[in-house]
Amino acid sequence: MSRDKDTKTVYVCRLCGQTSAKWLGRCPGCGEWHTLVDEPVDTLVRKGRSLLSASQSAPLPLLEVSTDVDEARIFIGMNEMDRVLGGGLVPGSLVLLAGEPGIGKSTLLLQILCHLASNQKKILYVSGEESLAQIRMRSERLGKIPESLWVACESELDRIIEIVKEQSPSVLAVDSIQTMFCGEILSAPGSVAQVREATARLMQLAKSKGIPTILVGHVTKEGAIAGPRVLEHLVDTVLYFEGDRSHTFRLLRTVKNRYGPTHEIGVFEMTEAGLKQVPNPSEVFLGQRPKAVPGSVIVPCMEGTRPILVEIQALVSPSHLAMPRRTSTGIDSSRLALLIAVAERHLGVALFDRDIFINVVGGLKISEPASELAVIMAMVSSLRDVPLNMDTAVFGEVGLTGEVRAVGRTELRLNEAARLGLKRCIIPQAGSHRLKFSDSLEILPVKRIDEAVAAMSKVS
Ligand code: TYD
Ligand code: MG
């Protein structure tokens with residue numbers, strides 16, 4: 001296949017897959033700079049072909065379609081994993097495990113496969129990144145190596161498909177999709193066209209044979225590697241493995257799931273012997289909390305279906321800069337700017353000449369509005385140098401007019417706070433009279449942020 005004058009070139013963003021007829025410095029899809037690369041068109045049109053096998057394409061009445069997906073699910077035997085997947089692997093599904101290089105994807109994958117293989121299922125692990133000896137050495141660190149775990153070092157896709165047809169494993173894992181290579185495509189492994197084609201072929205294989213397939217995908221901003229976002233629409237489930245490299249905690253987050261809920265998270269800790277599941281994240285995140293100190297507030301956040309207590313810390317100190325510093329880790333900085341403005345306006349506190357630092361302890365990222373009241377309380381507590389009582393949790397969304405708005409799942413949050421031995425909780429008043437909650441927890445409902453701050457001084 002050569003590029004003759006009939007073969008046109010289009011420009012594809014290697015992060016989000018957006019196409020453009022001409023080269024642009026900035027991707028119109030995701031807004032990133034210098035991510036458009038040229039791809040010959042003839043490799044792209046192929047992605048339109050059917051990914052399902054012929055036997056599945058005959059129409060039939062919807063009522064007659066069988067829904068025995070749940071019965072056929074393959075349980076991994078790791079609670080954190082099974083929950084994130086929505087109850088185990090679905091036959092024929094394609095799961096993308098994405099994350100930055102070095103975050104622990106291969107380690108997690110190997111542990112998943114070891115668990116699966118210990119149930120006497122034949123598992124095939126195809127690696128295009130590591131040698132067989134490296135895989136063996138790594139699995140020795142992780143524990144006993146099950147007999148039915150098979151490995152192959154291969155990056156040629158046709159060969160992988162042959163191997164799978166010969167071996168017919170119960171589960172297939174490919175590490176990583178960016179190293180896979182289809183002979184018919186001109187571009188280098190890791191390019192958008194290669195990654196897409198490799199995924200489409202593996203998809204076809206998974207669907208036609210009913211083999212659940214786990215793909216590892218690297219997330220990179222720089223370099224010539226196509227990111228997993230190019231594939232998100234192709235696969236059934238997208239899991240992001242993330243965490244702060246300087247912390248040992250790792251979160252596995254469901255971004256897309258055709259067979260279960262999204263926004264579910266699994267919590268792991270990286271140890272000497274691989275990843276350890278953390279069934280009780282609140283205890284771990286609150287574990288290193290010092291005695292009551294100014295600027296520290298506990299908030300029960302929902303991560304998927306699970307409440308997790310996290311500590312938000314604020315440091316507000318006089319600034320010597322013309323433009324005071326505003327730094328936030330774990331919370332969106334524009335949201336912080338908004339909360340600072342609300343606090344200045346409706347609490348009458350002066351923050352314009354203060355440096356403000358916000359940190360969510362443990363490397364967690366919180367995007368829930370329920371944490372907003374806690375951020376304001378932490379700032380006020382630090383500014384006034386008054387600690388909030390150790391036994392108090394706070395949650396609620398904050399509106400622009402200083403009102404505290406109701407958030408969902410109040411009971412779950414309160415139960416988690418009570419379970420961890422907290423004594424009281426400042427919550428939004430709206431809807432609080434309807435709460436079916438009869439525990440030892442003292443509830444302090446508030447309507448506005450100034451009431452919340454007043455409640456804080458009462459209990460501190
Ligand atoms: P790895 O799974 O190779 O990352 P990825 O596949 O996402 O690129 O994990 C890399 C890091 O994990 C490496 O820096 C070492 C660390 N690690 C441990 O701390 N303990 C372990 O038991 C293992 C296997 C790895
Ligand atoms: Mg790896």
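Guide: Two strands count as paired if DSSP finds at least two bridges between them. This criterion will be applied to a predicted model.

Visitor: How many bridges join strand S11 to strand S12, and do the two run parallel or antiparallel?

Guide: Strand S11 (residues 265-271) and strand S12 (residues 274-277) run antiparallel and are joined by four bridges. A hairpin of two residues connects S11 to S12. Within this pairing, glutamate 269 has lysine 276 of S12 as its bridge partner.

Visitor: Which domains does the assignment give for the protein?

Guide: The domain assignment lists domain 1 (7-44), domain 2 (71-279) and domain 3 (284-459).

Visitor: Which domains each give at least three residues to the lining of the second largest pocket?

Guide: Domain 2 and domain 3 each contribute at least three residues to that lining. The second largest pocket holds about 420 Å³ of space and is lined by 14 residues. Those nearest its centre are Tyr240, Glu242, Arg253, Val255 and Lys365.

Visitor: What is the make-up of this lining by class, and which strand gives the most to it?

Guide: By class, the lining of the second largest pocket comprises six nonpolar, three polar and five charged residues. Strand S9 (237-242) and strand S10 (249-257) each supply at least two residues, and S9 gives the most, with three.

Visitor: Where in the backbone is there a cis peptide bond?

Guide: The peptide bond from aspartate 175 to serine 176 is cis, with omega near -10°. Serine 176 belongs to the loop between strand S7 (171-175) and helix H7 (192-209).

Visitor: Which residues other than glycine have a positive phi?

Guide: Serine 168 is one of them, with phi near 25°; serine 168 sits in the loop between helix H6 (157-167) and S7. Arginine 409 is also not a glycine, and has a positive phi of about 55°. Arginine 409 is found in the loop between strand S19 (404-405) and helix H11 (410-419).

How values were computed:
Residues numbered from 1 in each chain as written. Chains lettered and ligands numbered in written order. Predicted model: local features only at pLDDT ≥ 70, side-chain atom pairs only at ≥ 80, totals over all residues. Heavy atoms only, no water. 1 Å grid on protein atoms, 1.4 Å probe; cavity = no way out; pocket = protein on both sides within 12 Å on 5 of 7 lines; lining within 4 Å. Points joined across faces, edges and corners; volume = space filled by probe spheres on them. Nonpolar A, V, L, I, M, F, W, Y, C, P; charged D, E, K, R; others polar. Domains from an automatic or database assignment.
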